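Thanks, everyone. Please have a look at the model first.

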Amino acid sequence: MGCSGEEPSHEEVHSSPTEDIHTAALSTASPQEGFQDATCGYIPCPVIQNGNVLTLAGTCATYSTLLIPDGYVLDGAGHFVIALDPPGSHFTGPIARNCGSSAFYVNLRLMMMNLSNVCDAGDDTLAGIRFDNASGSVISTQIFNIRQGDGTGGCQEGVGVLIRNQDSLGPIQFVGVQNSLLLGYQKAGVVATGNVSVNITANRFVGSGPIGNIAQSGVQVGLGATGQIVNNSISGHSYTGDGVANGILVYGGALYGGPLSSNIIIQGNQLFNNDIGVYLSQGDENENPPAVQTRIQVVDNLIHFDGVTNGYVYQAGISDLGTANVIHSNIITGAGYDPATLPGSTFAVDVLAGPAASLAFLTPPRQVPVGLCSGPLIVQTQDSSGNLAVASTTTFNITSAGPASPGIQFYADSACAGPAVTTLDLANPQAQGRFYFRATTPGSVTVFVYNSSWTQGQTQLVFIPLKSAPPLAVAPRMEPQH
């Protein structure tokens, strides 16, 4: 879309970085106080330009979108940019977006204030920052109140950061959203769709739930998008109407009229009081798991819900409609995800899977020094498609064979300090067992986990560490040769 010649009318807010934004006085500023690129780009705010870095010199307000030239950085320097309805009309679109193939944002504060409750669609939908077929980043930025009015309307818009690339044949676009705060959004914190790879790391997303006007999501990734969602805090997404809200939603396939998303890493997040903590929703037109493997990893997340607030009612720590997604080592707590709270409506993990058909190691082979405790060995029972499935018989034995087998012992704790164990119980929502080993003899050793139904083995390596040579007391002296 062209950007040339777009000059939004605007007002400036004069305030210090610590001044209360609600008491800041608005005053007219001339366009010359902003930035305009001859080809594409317009920022109706006081800025300081240093090469391709545009630094805000103060807090300002705008009636329409800031347009960031290709490859430029908008450094907010802690100042606010406030979106307001223009006289006689209403604000549409994002507060800021790219003009070219990349744009970068750092240390910004963006917010919408008292917008009219008018629903828009397409390019006019509300967003804080939008990436259209572009790469870039949003770092150390605060995005508030991306919504109409007070956010109690039902318009399906209002996204903190919207990332989209519908050019499936072109290059993949890479966008990072890191160390940022997003709250008060109407629909979602971050949405990424299409031919993009995202790195959503160390952010805080705060939803408005429980609410009945709209089903929110903290992060939505789908329709071909991939990447990683790591170490975020995502809370307060609960819908009291006929549906569900989500902490993290991954969606795609014929069920949604678009491509599948695969190979996404969802790890180390803290997900509190969301109807569904992590929802993997990818299926065919009949709502069955897709024929191809999506291989999304959901591991090491802390997922909690105090009680039941969803109106549908359906609450789950993890809900999985997919094929061969890897789900393990998540800590899921709270009455809201306890199957005993409302049987058939509350779940720790809810996977659409067939009967257990195999046993698999989820961790790679270990290389462990003699006498030290190994990293975790994690096994899981799965159906024929690789989905986790709790077996009818969940007790398994552990044994070993090979040169390093004499003297080996297995433990339930990561320090190998507790009593040795020889069995595992996989009767848990993630159908997994975790154990460690310590060996006294070097060499290879195959660890077997088995019962009357299945046996699975994996070969580990136990080695003697090389001793480092002591440092020389005096550096050697090189004498010239005659």
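A search of the whole structure finds four disulfides. The cut-off here is a pair of cysteine sulfur atoms within 2.5 Å. A word on the source: this is a predicted model, where local features need pLDDT of at least 70, side-chain atom pairs count only at pLDDT 80 or more, and totals for chains, interfaces and linings use all residues. Residues are numbered from 1 along each chain as its sequence is written, and side-chain values use heavy atoms, with hydrogens and water left out.

How are the disulfides paired along the chain? Counting bonded cysteines along the chain, the pattern is 1-4, 2-3, 5-6, 7-8.

Cysteine 45 sits in the loop between strand S4 (42–43) and strand S5 (47–50), and cysteine 60 in strand S7 (residues 60–62), 15 residues apart. Strands here are DSSP runs of E, at least two residues, and helices are runs of H or I, at least four, numbered from the N terminus. Buried or exposed? Cysteine 45 is buried at 1% relative accessibility, and cysteine 60 is buried at 0%. The cut-offs: buried is under 20% relative accessible area, exposed is over 50%, partly exposed is in between, with a 1.4 Å probe and protein chains only.

Next, cysteine 119 and cysteine 155. Their sulfur atoms are 1.9 Å apart. This link is left-handed, with -80° about the S-S bond. Cysteine 119 is in the loop between S13 and S14, and cysteine 155 in the loop between strand S16 (142–144) and S17, so the pair ties together parts 36 residues apart in sequence. Cysteine 119 is exposed at 52%, whereas cysteine 155 is buried at 3%.

Then cysteine 373 and cysteine 416. Again, the sulfur atoms are 1.9 Å apart. The torsion is about 70°, so the disulfide is right-handed. It ties together parts 43 residues apart in sequence: cysteine 373 lies in the loop between strand S37 (367–369) and strand S38 (377–382), cysteine 416 in the loop between strand S40 (409–411) and strand S41 (423–425). Cysteine 373 is partly exposed at 24%; cysteine 416 is buried at 2%.

On to the salt bridges. The structure holds three. The criterion is a side-chain nitrogen of Lys or Arg within 4 Å of a carboxyl oxygen of Asp or Glu. Aspartate 123 meets arginine 164 at 2.4 Å, N to O. That pair links distant parts of the chain, 41 residues apart: aspartate 123 in the loop between strand S13 (109–112) and strand S14 (127–132), arginine 164 in strand S17 (residues 159–165). Arginine 130 meets aspartate 132 at 2.8 Å. Aspartate 132 also meets arginine 164, at 2.4 Å. Shared partners join Asp123, Arg130, Asp132 and Arg164 into one network.

How exposed are the members? Aspartate 123 is partly exposed at 34%. Arginine 164 is buried at 18%, arginine 130 at 2%, and aspartate 132 at 15%.

Last, the whole chain. It has zero helices and 44 strands. Buried residues make up 52% of its 482 residues. The C-alpha atoms fill a box of roughly 90 × 80 × 45 Å along the principal axes.
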